[in-house]
Amino acid sequence: RALLDSGKLARMIKEDGLRGVTSNPTIFEKAIGASHDYDEAIRRLAAQGKTPLEIFEGLALDDIRAAADLFKPLFEETQGADGYVSLELPPALAREAKGIHAEALRLFKLVGRPNVMIKIPGTIEGVTAFERATADGVPVNVTLLFSQQRYALVAEAYLRGLEARAKRKKDLSRVASVASFFVSRVDTRIDQMLEAAGSPAAKALRGKAAVANAKLAYQHYKKEFGSARFAKLQDAGARPQRLLWASTVTKNPSYRDVVYVEELIGPDTVDT
């Protein structure tokens, strides 16, 4: 909220070329719990008899709406390509396809802004719900993707969702999506395994797996969204689902702080 109230977010959009904002429950927990920025609003909502979950939702949605409004000119200027703000679903729903789908529809309607992306987890159940949400026209950020296999399912779900929407004769041009593919955490895990292996050859591979994994995902992206299948959807107004590189801050202090950013710059990608 301080980022919004101070005008800093508006300046970042204007001066730094910021194209969107993401959020998650952990980010909100830190912002609410480690500051007094929300105290007045919490007291007001508590006095209305709201439950803790309802209070949290009220605080979060106010921030999401305010951020989305700041990005509205960019959203309109790019005809819906950029200027999105992501809002994550409650984590307890991660294994409930019907619950994820219903909550995605509810939150998108409740926020009331076209440039909000609902974050759906990349569980098998989440992928199923994502396909349905895409068919319903909800912009979605599919998050917590680590493997090639799961990303392939997400890309397929997006195409199937678009095809279902096209059959309903619905507008495809405002259906936007990103697939949040995590980077540095892969190196954190693989580097531990390489270190444990102990050999010089294994140690020489430290810091390589995450970028290689991401680049392979991008090759799959080019294949799927360069296909005749997607070209047909694109002719009807559909947008490709962009790959979003998540967790690009290096966890290992011995690595250059921009190594993942530099290695993964490419057309139709997002860095968060």
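User: Before we start, what does "contact" mean here?
Analyst: Contact means heavy atoms within 4.5 Å. Please also keep in mind that this is a predicted model.

User: Fine. Which residues does Leu110 touch, beyond those up to four places away in sequence?
Analyst: Leu110 touches Glu57, Leu61 and Arg65. The C-alpha atoms of Leu110 and Arg65 are separated by 10.0 Å, and the two residues are 45 residues apart along the chain.

User: How many bridges hold for E6 and E7?
Analyst: E6 and E7 pair in the parallel sense over 3 bridges. Within that pairing, Trp245 has Asp271 in E7 as its bridge partner.

User: And what about E3 with E4, and E4 with E5?
Analyst: E3 and E4 pair in the parallel sense over 4 bridges. For Ile118, the bridge partner in E4 is Val140. E4 and E5 also pair in the parallel sense, over 4 bridges, and there Leu145 has Phe181 in E5 as its bridge partner.

User: How many residues of E4 and of E5 are buried?
Analyst: E4 is mostly covered, with 5 of its 6 residues buried. In E5, 6 of its 6 residues are buried.

User: Which residues of E5 lie on each side?
Analyst: Ser177, Ala179 and Phe181 lie on one side, and Val178, Ser180 and Phe182 lie on the other. All of these are buried, so both faces of E5 are covered. As background, side chains in a regular strand alternate between the two faces of the sheet.

User: Let me ask about Lys119. Where is its place, and is it buried or exposed?
Analyst: Lys119 is in strand E3, residues 116-121. Lys119 counts as buried because its relative accessible area is 6%, and the cut-off for buried is under 20%.

User: What does its side chain make a polar contact with?
Analyst: The side chain of Lys119 makes a polar contact with the side chain of Thr22, at 3.1 Å. Leaving aside neighbours within four places in sequence, Lys119 is in contact with Thr22, Ser23, Asn24, Ser86, Leu87, Glu88, Leu89, Asn141 and Thr143.

User: What is the lining by class?
Analyst: The lining of the largest pocket has 7 nonpolar, 9 polar and 4 charged residues.

User: Ser184 next. Where is it found, and which residues is it in contact with?
Analyst: Ser184 is found in helix H9, residues 184-197. Ser184 is buried, with a relative accessible area of 1%. Apart from neighbours within four places in sequence, Ser184 is in contact with Ser247, Val249, Lys251 and Tyr260. Ser247 is also one of the residues closest to the centre of the largest pocket.

User: Last topic, the backbone. What is phi of Gln79?
Analyst: Phi of Gln79 is near 55 degrees, a positive value in a residue other than glycine. Most residues other than glycine have a negative phi. Gln79 is in the loop between helix H5 (52-77) and strand E2 (84-88), and at 59% relative accessibility Gln79 counts as exposed.

User: And what is phi of Asp268?
Analyst: Phi of Asp268 is near 65 degrees, again a positive value in a residue other than glycine. Asp268 is in the loop between helix H13 (259-263) and E7. With a relative accessible area of 40%, Asp268 is partly exposed.

Note on methods: Residues numbered from 1 in each chain as written. Predicted model: local features only at pLDDT ≥ 70, side-chain atom pairs only at ≥ 80, totals over all residues. Heavy atoms only, no water. Helix = DSSP H or I, 4+ residues; strand = E, 2+ residues; numbered from the N terminus. Buried < 20%, exposed > 50% of the residue type's maximum accessible area, 1.4 Å probe, protein only. Polar contact = N/O pair within 3.5 Å; in protein donor to acceptor, adjacent residues only side chain to side chain. 1 Å grid on protein atoms, 1.4 Å probe; cavity = no way out; pocket = protein on both sides within 12 Å on 5 of 7 lines; lining within 4 Å. Nonpolar A, V, L, I, M, F, W, Y, C, P; charged D, E, K, R; others polar. Pairing = 2+ DSSP bridges.
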